[in-house]
Amino acid sequence: DAERALGDSHVENCALRAERDTLAEGYASLASLAGPVEKGHDVTSRCKDGEEIGGSQLLLVHASPYYERLLYGGMAEGRKSRIVEIDPDFSSAVHTALLCQLHALGHA
């Protein structure tokens, strides 16, 4: 009985590891959606150094109340265009890392 329970536990652990790895691949794929502006991006972040970073409006709004207010709420940038001016304290490298994290819904 103990041996069988150990075997069942091992199979369950293997299944959980496989599921975790699959999720990690999916989140990495979502994170890769943030980057240089390309066809398919529907929101662009302009950084203080002039670099523009493209992203998915849907994922940003889902992952961040800030972006939800910016793109759909009363914040002026959201109403004027889909180009968002980023806080001047953020470099493009820092903002790219943030967007990757948000695109992966916090799992990057």
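This report describes the fold of one predicted protein chain, from its overall layout to a few side-chain contacts.

Because the model is predicted, local features need a pLDDT of at least 70 and side-chain atom pairs count only at pLDDT 80 or more, while totals for chains, interfaces and linings use all residues. Residues are numbered from 1 along each chain as its sequence is written, and side-chain values use heavy atoms, with hydrogens and water left out.

## Overall layout

The chain contains five helices and four strands. Here helices (H or I, at least four residues) and strands (E, at least two) are DSSP runs, numbered from the N terminus. Along the sequence these elements follow the pattern α-β-β-β-α-α-α-β-α. The chain has 108 residues, of which 26% count as buried. Buried means under 20% relative accessible area, exposed means over 50%, and partly exposed lies in between (1.4 Å probe, protein chains only).

## The sheet

The four strands form an open sheet in the order β1-β3-β2-β4, with mixed pairing. The edges are taken by β1 (35-36) and β4 (83-85), each of which has a single partner strand, so one side of each is left without a neighbour in the sheet. In general, strands of a sheet pair through backbone hydrogen bonds, either parallel or antiparallel. Two strands are said to pair if DSSP finds at least two bridges between them.

Strand β2 (residues 43-46) runs parallel to β4, and three bridges join them. Within this pairing, S45 stands opposite V84 in β4. On the other pairing of β2, four bridges connect β2 to strand β3 (residues 52-55), and these two strands run antiparallel. Strands β2 and β3 also form a hairpin with five residues between them, and G50 in the turn has a positive phi of about 90°. Strand β3 pairs with β1 as well, in the antiparallel sense and over two bridges.

| Residue | Opposite residue in β3 |
|---|---|
| G35 | G54 |
| V43 | G55 |
| R46 | E52 |

A salt bridge is defined as a side-chain nitrogen of Lys or Arg within 4 Å of a carboxyl oxygen of Asp or Glu. The structure holds one such bridge. Both residues fall in the partly exposed class: the relative accessible area of E52 is 31%, and that of R46 is 27%.

Helix α3 (residues 65-72) has Y67, L70 and L71 as its buried residues. They cover an arc of only 85° around the axis, which puts them on the same side of α3; the arc is that of the directions from the helix axis to the C-beta atoms. The face turned away from this buried side carries the exposed residues P65 and Y72.

Rings of Phe, Tyr and Trp (its six-membered ring) pair if their centres lie within 6.5 Å; planes under 30 degrees apart count as stacked, over 60 as edge-to-face and the rest as tilted. By this rule there is one aromatic pair. Y66 and Y67 form this pair, which is edge-to-face, with 5.4 Å centre to centre and 85° between the planes. Y67 is buried, with a relative accessible area of 1%, whereas Y66 is partly exposed at 35%.

Which residues make a nonpolar surface patch of about 220 Å²? The patch is made by F90, V94 and L98. Patches consist of residues with over 30% relative accessible area and no salt bridge; like charges are joined within 9 Å, and nonpolar side chains (Val, Leu, Ile, Met, Phe, Trp, Tyr) within 5 Å. Accessible areas come from the Shrake-Rupley method with a 1.4 Å probe, and for residues only the protein chains shown count as cover.

L98 lies in helix α5 (residues 92-103), and V94 lies in helix α5 too. V94 is partly exposed, with a relative accessible area of 43%, and L98 is partly exposed at 32%. V94 and C47 are 47 residues apart in sequence, and their C-alpha atoms are 9.7 Å apart in space.
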